[in-house]
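Thanks for coming, everyone. I want to walk through how two chains meet. Please look at the screen.

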Amino acid sequence: MRTSTTKNLIYVILILVITGLTALFFQVNSNLYKQPIGRVTQVTTQATGSQVDQFKNRVKTYQQTVTLRLLNRQQPTRLKVTNYYDAAQGMNQPVKEGQQVFLNQSQHGHWQIDTIKRDGIWVPFLVLIAGILILVLGPRAKRTLCSLGVNIGLFILFLWLSGLFPNVNLFYLFCFFSALATIVTLGLVLGFKQERTWTIVAAVLTTTLLTLALAALVFNLLNNRGIYFEHMEYTSQDPYQLLMAMTVIGVLGAVMDEATDITTTLYSVRQENPDLNRKQLAVIGRQVGQEIFGALNNVLFLIFIAEQIPMTVLYFQNGNSWPFTYTANLSIGMIQTLISAIGIVLTVPVSIGWFLVLDHGHLKWLQQKEN
Amino acid sequence: MGVTAALTIILFSLMALIGGLKGIGAFISLWLNVAVLFIMITLISLSFNVYAVLLIGASILLTITVVSTGGDEDTTSLALLTSFVVMLCLLVLIVPMGKEAMAFGFAVESSEALEGLSLGIRIPFLQLGNAAALLATLGAVAEAAVAMATGLMALHRHGQTLTNQGLIAAALDLGRQIIGTAVNTVLFGFLADFLALGILFMKLHYSLADIINAKLFTSTVLSLLYAILGVVLVLPVTVLGYKFRERSSKSTK
C-alpha cells in the first residue's frame, strides 16, 4: 500500500512537471509562428464613457494603451498599440500584462492586436487532463487514450479531406469517418479478434444508418418544414449535408456506449447460463438498454444546446421574441437531440437483434461441427 | 406538422414501445430538462445573476437526470452527491480558466450570424461562456455518476463476503470501464459541435497557428476537456462518498 502511495505521489509530481514544462514551452516558442507576436509589458486602461443601443443596453467602453515587446521580429523591438473594448466583451477583449498577443500590421505600417495567444493555455491543460486520465484509469489508460487520440486524428484527417475536396458530399464523407471510427474505437477497446467487437460494430452501423434513414424520410415527407437551415452557424456549403453529418458524428459515441453495454452483458449472461432462450436474452438486453438511454439522451442534449446559450441570450437582449429566438438558435440543436435520442432508443432492438443472429449462427455452426 | 413535432412523436412511440414505463420516464426527463434550460436562459436574459441561475438550474438538471434513471434510494443519493460535488469542482476550475483563456463571446467567423445584432449587452460574455461550458458537462457527469453508483451499490449488496478493500478494487475496475466508454460519448458529441466550424476553418485556409489560437476553437477544446475531467472525477468522488457514508452509518450504529 505504501509503495503504491509513493508511486502515485511521484506520478502526480511528474504530471505537474510535464504540465509546467509544456506551459513554459508555449511562453518561449514565438519563433515557430509566422505572424508577429508581442508580449504585453505595460497597459493603461481608460474609461471612455458608455454606449447605448436601440434596446437601451448600456455598456461602459474602455480604451487601453498597450506597450508591447515584439518576440519574433528584429524590428521594431517595442511598439505601442491602442485596444478598444466594452464591458460585455462580446468580440473585443482587454489584454493584461504578461500576455502574448498576435499582431497585424496594416499597409500603412499601423499595428494592431489580432488575437490573444491561447495555445499556451489549452495545450498544458490538455496535458494535465491526460495525466489525470492515466492516473485514474491505471491499466486501462492506454486503450482509452489511444482510442481518443486515433478518433481525433481521424477527425482532423477527414476535416482536411473536406478542405481538399470542397465539392465532395459532406454527409458521405463523414459517414465514412463514422464507420472507420467505430471499427477503430471498438477494436482498440475490446480487441479486433473478439467476436463481440464485430457484433457491436454491426449493431452500431445498422443503428446509425437506420436512424439517419428515418430522419431523412421525415425531412422529405415534411419538406423540411421547421428546419431553419438559414440559421445554422458557420455553414460554408450545403447545410442539409452538414446537419446530417453533424448528427451522425454526434450520436455515434452514445450508440457505441450503449451497444457495448448491451452486447457485453448478453455475451457474459450467455456464457454463465447457456440454457437461456432467445426471448429471455432479449428481455435482459432490453433491461440493460432501459437503464441507460435516458441518461445518454441528456448527455447529448446538454452538449448540443449549452453551446447556444450566449447567442440565445444575445438575441433576447436585442429585443427578439421567444419564438424567433428559438427558431434562430435552438431549433437545430433540438432536432439533432431528437434524432440522436431516436438512435439511442433504436440501439436496443438492433443490438439484441445482431447478438441473436450472430450468436445463434455461431452455436449452430458449433453443433454441426460436433456432429 | 413540423419536423420537430414529427420527430418528437416518433421518439415517444419508440421509447414507450422499447423502453416501456422507463422509456416514458426518460422521454419526460428529456423534456423537463429542455424546460429547465429554457427557463434558465430566460432568467439570465432578464439580467438575473448568471452564477445564481447556473447553480440552481444545474442542480435541478442533475437531479432530474439522476432521479429519472429510477435507481433505488441508496444509489440515487450517492449519484446525486457525486454529481453535485463534481459540478462544484468543475465550476471552481472553469471560472478562473475562462478568464485566463479569454475564449468566450464571438469571433470574425461568427460575423454573418451576428449581422444586425448589438453586442453591447448588459450581461458579460465571460459569464455566459462559463455557464455554457459548465452546462455542457452536466449530462456526462450525471450519466457517469449513475452508472458508477449503480455498479458500486450492486457490488455492495452482492459482495457481503468481500472485504472493504476488495469492494473498492472491484469498484475501481468497474469505474474505469465506465469512464472509458463515457469519454467517447462526450468526444463524439463535441466533434459534432465542432464540425461546422472545422470545415469553415479548412475552407478559409487557416494555418495551424490560426486554428489553435482561435477563440472559438479554444472554447470547444476547453469544454471537451472539462467534460472529460468531470467524467473522470466521478470515479474517485463516488468511492470517497461511499466510504464516507459507510463510516458515518457505522458510527451512528
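Start with one pair: K22(B) and E291(A) form a salt bridge through their side chains, 3.0 Å from N to O. Keep in mind that this is a predicted model. Side chains of opposite charge can pair when their charged atoms come close.

How many salt bridges does the rule find across the interface of chain A and chain B? It finds 2. Over all chains, the structure holds 4.

Here is another pair. E100(B) makes a salt bridge with K96(A). Their closest N and O atoms are 3.9 Å apart. With a cut-off of 4 Å, that distance still counts. This pair also crosses between chains. E100(B) sits in helix α3 of chain B, residues 73-101. K96(A) sits in a loop of chain A, between β3 (78-86) and β4 (100-105).

Now the whole interface. Chain A puts 117 residues into the contact, and chain B puts in 112 residues. Between them, the two chains bury about 10,200 Å². Of that area, 73% is on carbon and sulfur atoms. There are also polar contacts: 25 residue pairs across the interface, with both residues at pLDDT 80 or more.

Which helix gives the largest share of the side of chain A that touches chain B? That is helix α7 of chain A, residues 278-306, with 18 residues. Taken by class, this side of chain A has 74 nonpolar residues, 30 polar and 13 charged.

Stay with α7(A). It packs against helix α6 of chain B, residues 164-203. The angle is about 30 degrees, and the axes are 10 Å apart. Is the crossing left-handed or right-handed? α7(A) passes α6(B) in a right-handed crossing.

Who makes that contact? On α7(A), the residues are L296(A), V299(A), L300(A), I303(A) and F304(A). On α6(B), they are T185(B), V186(B), G189(B), F190(B), A192(B) and D193(B). By class, this helix contact has 8 nonpolar, 2 polar and 1 charged residues.

Last, chain B as a whole. It has 8 helices and 0 strands. Along the sequence, the pattern reads α-α-α-α-α-α-α-α. The C-alpha trace of chain B spans about 65 × 45 × 35 Å along its principal axes.

That is my tour. Over to you.

Definitions and conventions. Residues numbered from 1 in each chain as written. Chains lettered and ligands numbered in written order. Predicted model: local features only at pLDDT ≥ 70, side-chain atom pairs only at ≥ 80, totals over all residues. Heavy atoms only, no water. Contact = heavy atoms within 4.5 Å. Buried area = accessible area lost by both parts, 1.4 Å probe. Polar contact = N/O pair within 3.5 Å; in protein donor to acceptor, adjacent residues only side chain to side chain. Helix = DSSP H or I, 4+ residues; strand = E, 2+ residues; numbered from the N terminus. Nonpolar A, V, L, I, M, F, W, Y, C, P; charged D, E, K, R; others polar. Axes fitted to C-alpha atoms, helices over the stretch in contact; angles between N-to-C directions. Left-handed = near helix turned anticlockwise from the far one by under 90°.
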